[in-house]
Amino acid sequence: MIPGKYRSVSGRATNNVNCGLHLVIQTSSLPEKNKVEFKLHKETPSFPGRLLQHDLERNYSSRQGEHINLVSSSMPSFPILQRSSEEKILYSDRLTLERQKLTVCPIIDGEEHLRLLNFQHNFITRIQNISNLQKLIFLDLYDNQIEEISGLCTLRSLRVLLLGKNRIKKISNLENLKSLDVLDLHGNQITTIENVNHLCDLRVLNLARNLLSHVDNLNGLDSLTELNLRHNQITFVRDVDNLPSLQRLFLSFNNISTFESVCCLADSTSLSDITFDGNPIAQESWYRHTVLQNMMQLRQLDMKRITEEERRMASVIAKKEEEKKRESHKQSLLKEKKRLTINNVARKWDLQQQRVTNIATNQDGKDSDSPSQDPCQVDGSTISAFPEETGSLDSGLSNALQGLSVTDTYLVEVDGDTLSLYGSGALESLDRNWSVQTAGMVTTVSFTFIEFDEIVQVLPKLKIKFPNSLHLKFKETNLVMLQQFNALAQLRRIDQLTVDPQGNPVVSFTLWKYYVLFRLSHFSMQKINGTEVTQNDMIMAERLFGILAHVASSELPQYRLISILGDARKKQFRYLLESKGKKPGIVNEENNDSKRLAGENTNRATLNYTTRDFYNEKLEEIKEKKKFCKTYIEDLVKEATEINMKNEALQKLWPQMFIELVRDAVIEIRNKNSYMKLCLQKITDQK
């Protein structure tokens with residue numbers, strides 16, 4: 001005899017029937033091929049009230065036999081079960097047909113009172129011939145070859161259904177088993193949990209060793225206390241938080257890799273025991289404390305009891321993780337806002353460039369003498385007139401990521417040693433009170449989506465605010481001609497210059513780098529667009545553009561040169577002028593070298609750049625001066641004309657006036673005494 005003990009299922013305090021059975025199973029040698037003998041003992045004590053544990057997936061080691069005759073029936077495919085009257089009285093409510101090499105369920109007549117039926121370890125392929133056993137409570141079909149759940153619709157009293165280790169691919173045909181308490185389907189080929197929502201009394205569900213990839217569709221299982229999902233292919237879990245009575249959940253040996261895929265477990269208030277061992281998530285360093293922090297109600301994790309010290313440590317670590325998460329979230333929001341703002345600035349820039357193109361096209365047929373249409377020559381430099389941007393930002397751009405604003409039209413960012421400016425509005429940031437530490441750290445300044453003419457206006461501020469800036473970057477700044485590089489000469493120092501081809505047509509010019517090296521030679525630049533500057537480059541730049549500076553300086557009058565040069569270069573220029581009158585032998589060779597260097601710098605200084613706004617201001621000033629001069633000359637001409645007209649009238653009247661003057665004088669002095677008295681009287685009256 002090989003004794004074996006099988007833990008059965010007790011009913012709940014109410015409603016469910018208490019079987020009160022304790023099975024002791026033994027086998028005996030069979031004198032006939034079709035005869036099985038078993039002994040059954042019935043005990044009066046009730047079940048101890050324990051649920052079917054997760055070890056239902058183990059093979060049963062117990063065996064039971066009884067004297068049974070299986071004889072052939074008139075239906076050749078189904079054997080008929082026959083038991084003696086004495087056996088029926090002794091074992092009236094149970095029947096075991098374990099390891100009988102059955103391929104079909106036999107016909108069981110006259111056994112309608114059966115409550116326990118065992119078909120373990122056979123070769124049965126279909127559940128049939130048991131529809132008459134309507135009092136059946138316990139049905140065990142473990143380790144057979146069943147492919148479909150069927151033939152159970154009349155077993156409304158069934159509470160324990162064991163179908164482990166079969167070939168079932170789908171959960172189905174359980175609609176009438178509303179009293180089911182235990183359902184064991186481990187070791188099958190099930191891929192989806194379905195058709196169990198009506199089992200409101202089900203307490204134990206075993207789906208271990210199946211082909212499940214996800215867990216869901218568990219609503220309605222309000223009494224479920226134990227769910228075994230070991231050895232599947234599960235990657236995420238849902239709906240478990242909707243199981244109000246669930247206490248034990250076994251998820252060992254699946255493919256769960258993140259806590260987010262099982263986050264619904266944190267919302268379960270009844271869960272006390274869970275296992276994740278054998279999953280990728282269990283290999284992570286944060287695994288245990290993350291689970292404990294999010295599932296405070298747990299008492300056991302991976303079959304190990306949780307201590308208060310573990311909970312405390314998990315809480316501390318979780319707080320740190322939460323701080324990191326908040327900071328990461330903050331950085332993500334800032335990054336997304338930056339992206340949206342840059343996109344917004346780019347939209348505005350594109351609208352501006354499109355308007356410029358349209359206006360330039362419309363002006364092709366107009367008078368070419370208009371100063372607002374054609375390039376104008378001012379102080380030896382060429383500038384182009386562009387219309388002002390008056391359009392507003394496209395309001396159709398929608399918000400994204402938790403209310404991030406996308407209405408910003410510029411962006412200022414300091415990242416390490418780089419100051420990045422996007423949009424013309426960003427130039428106003430140079431007026432801020434930058435801290436000495438921040439300003440001193442900035443060595444690279446990047447301009448994007450800003451007109452170069454606007455940048456030129458803030459270069460003096462840049463030189464003051466960020467004295468250590470050595471590297472300038474220009475992208476989408478409308479650098480269209482070589483003369484614009486002249487404006488960079490006013491900076492303190494430039495070691496590197498990067499001009500992105502995007503939005504800067506000047507880069508398409510073959511000689512633009514040589515012009516930059518020539519015009520900004522006093523900076524001794526090291527790199528242009530990431531390429532090292534060599535001595536040969538400097539020599540080539542001087543050969544190509546040296547004559548240009550000489551011509552520009554020689555063609556301008558002295559007063560124009562002095563107005564262009566700064567104070568230091570004015571002194572150099574005056575020194576050159578004074579030395580021209582001296583004899584050649586007076587000045588030594590060292591002085592000649594100094595004059596040559598000073599002359600080169602002075603010649604380059606004449607190659608300046610006047611921005612559009614400055615030109616417009618100068619143009620308005622010239623117009624005002626012209627208007628004043630015109631008015632002044634007109635007034636002078638008018639006054640001279642009036643004087644001339646008066647002179648001509650005087651010439652005509654003068655002969656007659658002279659005669660009258662002489663006549664009046666003769667008449668007055670004709671009586672000398674009277675004339676003297678009259679004069680004395682006038683003098684007296686005046687006093």
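The following points describe selected features of this structure, which is a predicted model.

1. An open sheet is built from eleven strands in the order S4-S6-S7-S8-S9-S10-S12-S14-S15-S16-S17, and its pairing is mixed. Its edge strands are S4 (94–96) and S17 (304–305), each of which pairs on one side only.

2. Arg203 belongs to the loop between strand S9 (182–184) and strand S10 (204–206). Its relative accessibility is 8%, and because buried means under 20%, Arg203 counts as buried. The C-alpha atoms of Arg203 and Val182 lie 6.0 Å apart, although 21 residues separate the two in sequence.

3. Strands S20 (residues 411–415) and S21 (residues 418–422) pair in the antiparallel sense over five bridges. One of the paired positions is Glu413, whose bridge partner in S21 is Ser420. The hairpin has two residues between its strands, and Gly416 adopts a positive phi near 70° there.

4. A nonpolar patch on the surface comprises Leu650, Leu653, Trp654, Met657, Phe658, Leu661, Val662 and Val666, which together have about 750 Å² of accessible area. Phe658, one of these residues, lies in helix H11 (residues 612–668). Phe658 counts as partly exposed because its relative accessibility is 45%, and partly exposed covers the range between buried, under 20%, and exposed, over 50%.

Notes: Residues numbered from 1 in each chain as written. Predicted model: local features only at pLDDT ≥ 70, side-chain atom pairs only at ≥ 80, totals over all residues. Heavy atoms only, no water. Patch = residues over 30% accessible without salt bridge, like charges linked within 9 Å, V, L, I, M, F, W, Y side chains within 5 Å. Areas by Shrake-Rupley, 256 points an atom, 1.4 Å probe, with all protein chains shown as cover. Salt bridge = Lys/Arg side-chain N within 4 Å of Asp/Glu carboxyl O. Helix = DSSP H or I, 4+ residues; strand = E, 2+ residues; numbered from the N terminus. Buried < 20%, exposed > 50% of the residue type's maximum accessible area, 1.4 Å probe, protein only. Pairing = 2+ DSSP bridges.
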